[in-house]
Amino acid sequence: MRDYQMFINGQWCNSSKGTTFASLNPYTQQPWALIPQAAIEDVEWAVQSATNAFYATWRDYNGTERAKLMNNLADLLEENANLLAEIETTDNGKVIRETKNQVYFAARGYRFFAGAANKIYGEVIPLDDPDLFDYTIRTPLGVSLLIISWNSPLSLIANKLAPALAAGNTVIIKPSEHASASTLEFAKLVEKAGFPPGVINVVTGDGEVGKYLTEHPGIKKISFTGGAETGKRIAETAARNLVPVTLELGGKSPNIVFEDAELSKAVIGAVAGIFAATGQTCIAGSRLLVQRSIYQEFVEKVVEKTKSIRLGNPLNPETEMGPVANKQQFDKILGMIEKAKAEGAQVITGGYSPQSEELQNGYFLNPTIFSDVQNDMEIACEEVFGPVLSIIPFEDLEEAIQIANDTKYGLAAGIWTTDFKKIHYLTRKLEAGTVWVNTYRTAAPNAPFGGIKNSGYGKERSLEAIKEFTYVKNVMMNFSDEERDPFSIKV
């Protein structure tokens with residue numbers, strides 16, 4: 001058993017109430033780490049510490065000074081990639097080949113925003129009056145609350161923390177109670193990197209801790225990754241306090257395959273788009289739209305590829321798909337599979353939990369595919385967040401667009417075609433924050449990410465993310481030697 005502490009004001013501490021909860025390994029269903037359950041007093045201390053650090057030190061660090069510390073952190077992430085990946089895999093069941101890559105991707109994110117930290121420019125605005133000089137400054141918002149889901153903690157933290165720090169904000173990180181260990185391990189690197197006390201704080205606990213934080217008047221910015229319903233509640237709370245929010249929520253993303261696509265590549269993209277990360281990713285291509293002229297051939301190829309996926313111990317580098325992260329999610333996915341069957345969707349592979357001796361103790365589900373799904377079935381409308389694919393046929397371009405956009409979500413979409421005219425037409429018509437063309441589930445720290453509709457609002461990654469953690473301050477200066485009558489000033 002690992003025994004973790006919270007990180008507040010540069011100090012390691014237990015809950016002031018002495019309470020903890022166990023984290024379960026989804027591969028073994030056995031407890032492996034003890035996590036502090038924060039009390040209200042701990043939350044108050046974290047907010048006060050972040051507030052003090054913002055006003056006393058961090059907002060006055062110049063961009064070059066902030067960048068140095070962020071690059072230190074990136075170096076430490078790379079040096080400790082194996083350990084961090086092992087801890088995250090143990091905590092949430094994601095295969096280690098992916099968690100390790102995500103640590104390196106996170107390091108790239110800190111380096112990118114370190115490079116941006118001294119390039120947060122305003123602009124000069126020409127006015128009609130030659131005696132007036134006007135310009136803008138991008139100013140940090142203050143104490144920022146970063147709420148992280150359990151599926152990719154270290155990667156999600158980087159998406160939020162890197163731009164927040166670069167812009168001059170202090171932060172409180174609240175990881176999911178289902179996967180807190182890698183975040184607390186990450187905080188050890190924050191300490192080693194040399195950040196001043198209070199700039200980065202980690203508070204752990206259940207949803208009540210998160211609720212108290214979102215309602216706290218000391219919080220000046222909230223960035224949340226998680227489910228749409230929780231996101232709506234956070235947005236309502238933030239609105240009452242007039243706090244700006246970035247929401248990165250769920251998806252029901254269409255992955256569209258046309259008859260002129262390179263089918264071998266599209267098969268890999270379709271399978272990886274949903275079954276990588278055990279389908280527990282907001283960008284999962286969970287609706288596979290296939291043109292009817294190639295439907296039968298393509299579905300057979302997808303099923304064949306899916307059956308070859310290697311399930312097993314997520315710490316084994318050869319494993320391609322690990323267990324579902326926790327029992328709550330496992331039960332939800334099984335329930336949605338059964339409902340889809342009752343609605344008439346046809347299971348063509350999977351749909352059950354494997355019974356092999358190696359896998360029977362973990363929260364494993366075989367990769368599941370439903371064919372000939374109607375777009376109004378629950379399995380096609382609601383986010384499963386698991387290894388479940390719905391295949392939907394379409395006739396032509398316009399029907400593909402209609403089906404793709406007929407969803408309350410708008411996070412991502414994929415297009416598989418060799419027709420460039422079709423590509424340009426579709427990228428304009430599809431309602432999604434990211435559109436991949438002849439690829440799927442690829443990312444870069446300097447490319448913006450974020451959705452529309454029930455997938456949330458605001459952007460992470462890229463220079464767009466800097467805007468999420470700053471406000472624009474306008475400065476207007478009068479250079480005239482003449483005294484002005486205040487009642488005759490032009491506006």
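Modeller: A salt bridge here is a side-chain nitrogen of Lys or Arg within 4 Å of a carboxyl oxygen of Asp or Glu. E431 and K453 form a salt bridge through their side chains, at 2.9 Å from N to O.

This is a predicted model, in which local features need pLDDT of at least 70, side-chain atom pairs count only at pLDDT 80 or more, and totals for chains, interfaces and linings use all residues. Residues are numbered from 1 along each chain as its sequence is written, and side-chain values use heavy atoms, with hydrogens and water left out.

Domain 1 covers 2–249 + 451–475 and domain 2 covers 254–437, with bounds from an automatic or database domain assignment. Their C-alpha centres are 30 Å apart. In contact (heavy atoms within 4.5 Å) are 25 residues of domain 1 and 38 residues of domain 2. About 2600 Å² is buried between the two domains, 55% of it from carbon and sulfur atoms; buried area is the accessible area (1.4 Å probe) that two parts lose on being put together, summed over both. On the domain 1 side, Y27, W150 and K453 lose the most area to domain 2, together 26% of what that side buries.
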